[in-house]
Amino acid sequence: MSEMFAANRLNERNARVQKLYQLLLGGMTVMLMLPVIAILSMLIYKGGPVISFEFLFTNPTNGMTAGGIFPALLGTMLLVMVALVASVPLGIAAAIYLSEYAPENWFTRAINLAIINLAGVPSIVHALFGVGAFVLFFRFGTSILAASLTLAIMTLPVVIVATRESLQAVPHAFREACWNMGATRWQTIRRIVLPNAITGILTGVILEVSRTAGETAPIMFTGAAFFLPLLPQSVFDQTMAMSLHLFVVSTQVPNMPEALPFGVALVLISMVLIMNSLSIALRMYLRGKKKW
Amino acid sequence: MSQIIEETPAAGMDTDFDRLTKDWYIDKAAQALMFIGGISAVIFIIGIFVFISKEGFGFLFDGFNFKEFFFSPNWRPTSETRETYGILALVAGTASVTGLAMLVAIPFSVGAAIFIAEFASGKTREILKITVELLAAIPSVVWGFIGLAIMNPLIIKIFHVPVGLNVLNAGIILGLMAAPIMTSIAEDALKAVPDRYREAAEAMGATRWQVIYKVVLPAAKNGLLGAVLLGVGRGFGETMAVLMATGHSINIPTSVFDSVRALTATIAAELGETAVGSMHYQALFTIGIFLFIITFFINLAADLIVRGVRKG
């Protein structure tokens, strides 16, 4: 009787084929990650020795071939902050509209399509838009303001998508319970929906910080400069930025010591990956804490 | 109790309809504000098109020669004798790099997506997914730097060619760059296939691989196609990595060791040197319009294809 369930030749062959494919696909997954991990290790190996307290907190000297990256580091922070001020309220409002108000019609589909396209339009086209709209039309000139607004529009989809997801994760029963108490839509959103979604929104904002800090093309012509002797005094000044600084020290400056660009790249990628890890950690903490 | 009455006076003694209360006005005002947020995305997309068209307008109506623009390989905007604005070589550069990148990225990202969605489980899957997400976050200028500082000497050494900044370099860089994003979209597509399909096939005695090959992949076909399209769109629009790793010289490539120049990179490299309003400046904006339209349709197609799956 037990022979009936014993593996026959066909079963064995099928099992072998499956093992083979599992191995192959697993191998491909590893192959996808291995080169990148090797490259990152090389960045750390070559760039690590460059990084010091002085490197982070002094000005570049000697035509940028020596010294630190402080103005670029500060500039990136300024650009990110101004961009967040513009895009976070707008992105959250858009997400609240899409999640709480929007009816299912062509107009809502058009909004969703616009969001997909904002994320999909090439970064250099965003740069052209920034030049045409903010630098020239609104007369902001090449400034932190123009660059940050360009970045804000480009990264708006990040906030919208993350916020919409966390709003929709709040169970509908919560809203109904609140409406039944006589609360208006807005009272429900402010007192019930937003407090329950706030951590999820925060993960989206952190992701946006990471995206904004790494972008280069959109700020090249709208407000970031190759080199500035002075720190920016207002949002109408130009600034240096980490991403553009990496481009400049690795392509535009003659007699560059080999290690310095590696140091800049390492600082930039560390900033971005730390932000992303923070966002992932927050998301996992949130998932563990979830009560519904 | 008293607090609640305070907040909604309409619920108390007021017999009038609650539309006249403060809360009603606040509610309407909030709805209007949220609506403004909602339409902002549409306004920005239209704004992008309007502003780049406005800047490229002069060229489109004055110097624009359809045949020269699309079919001439000569991009010589600063020529002393006669400027020519042909983007054929630039299109060839973009296409060759994107094509090679997809050749690298498609098999690996679909393979990895199948492994993560169907074979891996528990901790392994969690770790793989986080790694993919982190890889997708690496900024493009860092990829460009990797192409320049690590891949370039490597290619020169391995293939004994004089220049390592070429189609091969940029294609590999772009492939590594696009693969994580394509992997996570492809994985979503596989996850969207209902479990009852898998269970039904397994109940018939199919092995895990047979289930994937005969049931899951056909069912996820459109979603996977959407992932590939988004990857193509991304490769097409990538700027910094391509600017730094292609070698940036105008060529219609005949081998992977030729240096090329991409559409996006041309704008990035030349916009800073042109005078606002000059013919050259307007021609760069015209390339921008071309890029905008192409990526718009790629994204639209990907969205329609993926949406088709969700409905079916």
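Student: What radius of gyration does chain A have, beside that of a compact globule of 292 residues?

Tutor: This is a predicted model, in which local features need pLDDT of at least 70, side-chain atom pairs count only at pLDDT 80 or more, and totals for chains, interfaces and linings use all residues. Residues are numbered from 1 along each chain as its sequence is written, while chains are lettered from A and ligands numbered from 1 in the order in which they are written. The radius of gyration is taken over C-alpha atoms, and the globule rule is 2.2 Å times the number of residues to the power 0.38. By that rule a compact globule of 292 residues would come near 19 Å, but the value for chain A is 25 Å.

Student: What does the C-alpha trace of chain A span along its principal axes?

Tutor: The trace belongs to a chain with 11 helices and two strands, where helices (H or I, at least four residues) and strands (E, at least two) are DSSP runs numbered from the N terminus. Along the principal axes of chain A, the span is about 85 × 65 × 35 Å.

Student: What share of the residues in chain A is buried?

Tutor: A residue counts as buried if 20 or more other C-beta atoms, placed from the backbone, lie within 10 Å of its own. Of the 292 residues in chain A, the buried share is 49%.

Note on methods. A residue is buried if 20 or more other C-beta atoms lie within 10 Å of its own, exposed if 12 or fewer, and partly exposed in between; C-beta atoms are placed from the backbone.
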